[in-house]
Amino acid sequence: MAHYVLVELATPRHGAGLRDALEELLGAAMEKGIVVDAVIAESGAQRAAIWKLREEHSEAQKRAGASVKNDISVPVSRVPELIHRAAEACERLVPGIRCVPFGHLGDGNIHFNLVQPEGADGAAFLARDQELMDAVNEIVRDLDGSFSAEHGIGRLKPYMMPEWRGGAELDLMRRIKAALDPAGLLNPGKMLP
């Protein structure tokens with residue numbers, strides 16, 4: 001499976017040699033066969049064009065069909081294993097599923113999104129969202145990760161809270177919420193079941 005990495009280097013030190021260091025690193029990685037190809041922006045416009053590819057990733061997924069979103073995290077060293085194992089598990093459940101992992105490699109936060117197989121019924125695919133999320137989260141738990149990362153619990157994951165954060169921890173969350181929002185007006189039904 002091909003992977004693409006977008007790296008931006010910055011430093012407040014003038015003349016720090018970041019470009020030379022990057023070119024040296026990429027050259028060594030290409031010689032070892034770790035990297036197949038690379039592009040380095042030569043201008044602000046090229047930098048913006050490369051970032052635009054990343055920023056439009058979600059919009060491209062919408063056009064590809066129905067998708068199930070997983071916002072998860074694992075230790076950085078376990079990201080490759082997560083992607084490999086979760087893709088295999090999802091493919092077993094829904095042959096032809098399109099796994100679209102992307103995210104923040106530096107902190108292990110991966111958006112492990114799943115797009116319906118080409119030509120599949122979107123509604124039928126979305127009806128399996130909990131089954132697919134649970135399959136991914138089983139692997140996340142095995143890799144000492146978290147079922148919720150950058151985007152929080154939202155409306156799709158409250159059912160997971162008792163299993164992942166049950167007992168005294170969940171009880172404390174409920175009490176804090178009740179103390180801060182006694183009328184239950186703030187985000188009702190989100191985060192806490």
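Glu-31 is exposed, at a relative accessible area of 75% (exposed is over 50%, buried is under 20% and partly exposed lies in between, with a 1.4 Å probe and protein chains only). The model is predicted: local features need pLDDT of at least 70, side-chain atom pairs count only at pLDDT 80 or more, and totals for chains, interfaces and linings use all residues. Residues are numbered from 1 along each chain as its sequence is written, and side-chain values use heavy atoms, without hydrogens and water.

Glu-31 belongs to helix H1, residues 18-31. Helices (H or I, at least four residues) and strands (E, at least two) are DSSP runs, numbered from the N terminus. Glu-138 lies 107 residues away along the chain from Glu-31, and their C-alpha atoms are 37 Å apart.

Strand E4 covers residues 109-115 and is mostly covered, with 7 of its 7 residues buried. In a regular strand, side chains alternate between the two faces of the sheet. On E4, Asn-109, His-111, Asn-113 and Val-115 point one way. Ile-110, Phe-112 and Leu-114 point the other way.

E4 pairs with strands E1, E2 and E3, where pairing requires at least two DSSP bridges between two strands. E1 (residues 67-68) is antiparallel to E4 over 2 bridges. Here Val-68 stands opposite Leu-114. E2 (residues 71-73) is antiparallel to E4 over 3 bridges. Ser-73 has Asn-109 as its bridge partner. E3 (residues 98-104) is antiparallel to E4 over 7 bridges. Val-100 stands opposite Asn-113. The hairpin of E3 and E4 has 4 residues between the strands. In this hairpin, Gly-108 takes a positive phi near 80 degrees.
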